[in-house]
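Biologist: Could you take a close look at the charged pairs here and walk me through them, one by one?

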Amino acid sequence: MNAYDPNALVGVIPDAQLLADEAEWSSFGDTVHYVDPPKIFRHGEGSWMYDTAGVPFLDLQMWYSAVNFGYSNKRLNDTLKRQIDVLPQVASQYLHQTRIELAKTIAVDAQQKFGIKGRVHFNVGGAQAVEDSLKLVRNYKNGKSLMFAFEGGYHGRTLGASSITSSYRYRRRFGHFGERAMFIPFPYPFRRPKGMTPDEYSDACVRQFERLFETEYNGVWDPKVNQAEYAAFYVEPIQGTGGYVIPPKHFFKDLKKVLDKYGILMVVDEIQMGFWRTGKLWSIEHFGVTPDVIVFGKALTNGLNPLSGLWAREEMINPTIFPPGSTHSTFNSNPLGTSLGLEVIKMGYELNYEKTVAEKGAHFLDALKDLQKRHKEIGDVDGLGLALRAEICTDDGFTPNKALLDKMVDIGLAGDLEHNGKKIGLVLDVGGWYKNVITFAPSLDITHEEIDLAISLLDQLITKAKKAM
């Protein structure tokens, strides 16, 4: 954490005036207004953000895992600056070097890992890439438009993505969704049925899903022609907004066997968990299955430019079956984004994030387990790499306690915690089925010392919040 001088800001409008203008002129329909009043930040560096008063805030959510490589990452910032002076923009109907290099890099990497050839298709945001994947699947499956997805799953808030996101609140005011996904139970180890082990619960979820294909009267399968009514199953290997829920290790292998048996595609949403968040380029690598489609975004450019995309099997996406103009976005595969994406992947392998993220994640998880022993309100902790969770409960250690977590978030953003006699803040993200889970997505470059500081601040934070309730 470097010192930051708020007096260095020139021509800055005061916070009070900004908030007044925001209240009058901005839509509240985006996600800014979950906190009242919204927090204004002025500077970011590494794992830290700074407010107008110069108070440092340790960020443990990094823009919903979009800034995996830290604020003001010099290597990535320099890549952006170089590209601006060479070829900052070009219409998406033309080619440029880093677009081709990035597509090849991702496709070759996938071929080495999964043993199959595929191609890469670009867009500008995660939800837009999900929309493209829906087109790809519908086209390949002769117009079939019904999908499976998970309870607790989140794939975005465009109309198509909302139809496969389990939360009704994202659809409620926007008309009827006739092609809404069928939502299937996801094995949530902490909240599994009594009397079951996590593995038994995983097995039960797979059996319950496969039962849909048992006879024609179970609703999705015609045994006379061996054809399913549904085209694909959209999965997050680790549920993101759902609370960083990690299923038992064998779950996806068992599920994929069912999907392959009945001709259902597996579309893997890596928008939040991709680019080494879990210690692998793709989180699905931990589970030993081969996807048909991978959708990605967020950290591909470290949040410096909107770029997303998908990888799909050759037979689904070759130019004969998915010709030019099948989808379009003016800004897709823009040079600033693709140059950054190429550098992110080069950097990830060069700096061996697979090793360092696993080590830091183990340190963070062990520290969370120790914190859990000191606070019975922490009902569950879990993690894979640097995607970690802490479920905040009542003092029975199980009943969801959204109010306590809301108070923790407010105190963290107030910047009134203490470290070495100075004020400090903590930025947390809230997720989970009951909105009672801290979803930790720190910078992949977080130091071990910063992890220890994070635990100390969390200890302060939960102690203050309990006293304030």
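Modeller: Glu 377 is buried, at 10% relative accessibility, where buried means under 20% relative accessible area, exposed over 50% and partly exposed in between (1.4 Å probe, protein chains only). Its salt-bridge partner is Lys 466, at 3.0 Å from N to O; a salt bridge is a side-chain nitrogen of Lys or Arg within 4 Å of a carboxyl oxygen of Asp or Glu. Lys 466 sits in helix α13 (residues 448-468) and Glu 377 in the loop between α11 and β13 (378-384), so the bridge ties together parts 89 residues apart in sequence. Helices (H or I, at least four residues) and strands (E, at least two) are DSSP runs, numbered from the N terminus. Lys 466 itself is partly exposed, at 30%.

This is a predicted model: local features need pLDDT of at least 70, side-chain atom pairs count only at pLDDT 80 or more, and totals for chains, interfaces and linings use all residues. Residues are numbered from 1 along each chain as its sequence is written, and side-chain values use heavy atoms, leaving out hydrogens and water.

Glu 359 is partly exposed at 38%, and Lys 355 is partly exposed at 46%.

Next comes Arg 191, whose salt bridge with Glu 391 has its closest N and O atoms 2.7 Å apart. Arg 191 lies in the loop between β6 (182-184) and α7 (198-210), and Glu 391 in strand β14 (residues 387-392), 200 residues apart. Both Arg 191 and Glu 391 are buried. They also belong to a salt-bridge network with Asp 380 and Arg 389.
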